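Visitor: Could you walk me through this one, please? I'd like to know where the labels come from.

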Amino acid sequence: RDWQTIRDEIVAYGNGLDEKATVTVLNKCDALQPDEIASKFEALTAAGASNVMTMSGVSGEGVPAVLRALYAPIREAREEKEPAAAFSP
């Protein structure tokens, strides 16, 4: 329900924000049991969330993968905008 509320706000904001790539992250997974994580993951996916990932800011588990997922579309957009700059030293 919270995810859908946030998505509705993003759509309402307009300006194409809802068309941008998204990563939905379950944080504080160090404080959850594996079955709780699986349940929340499945609920988000069923609600329509894509690129659902898990992490713990406290333990650092999953943080590098989330950062890579966040950086990937930024890198791709920069390469599309300035292809020559992407390969310069």
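Guide: Start with confidence in the protein chain: helix α4 (residues 83-86) has the lowest, at a mean of 58, and β2 the highest, at 96. That score is pLDDT, the predictor's confidence in each residue, from 0 to 100. This is a predicted model, where local features need pLDDT of at least 70, side-chain atom pairs count only at pLDDT 80 or more, and totals for chains, interfaces and linings use all residues. Residues are numbered from 1 along each chain as its sequence is written, and side-chain values use heavy atoms, with hydrogens and water left out.

Visitor: What is the mean pLDDT of the protein chain?

Guide: The mean is 90, and 92% of the residues reach 70 or more.

Visitor: Why is Asn15 called exposed?

Guide: Exposed means over 50% relative accessible area, buried under 20%, and partly exposed in between (1.4 Å probe, protein chains only). Asn15 has 72%, so exposed is the word. You'll find Asn15 in the loop between α1 (2-13) and β1 (24-26).

Visitor: And what makes Asn51 partly exposed?

Guide: Its relative accessible area is 48%, which lies between the 20% and 50% cut-offs, so Asn51 is partly exposed. Asn51 sits in the loop between α2 and β2 (52-54).

Visitor: What is phi near in Asn51?

Guide: Phi of Asn51 is near 55°, a positive value in a residue other than glycine. Most residues other than glycine have a negative phi. Asn15 also has a positive phi, near 60°.

Conventions. Helices (H or I, at least four residues) and strands (E, at least two) are DSSP runs, numbered from the N terminus.
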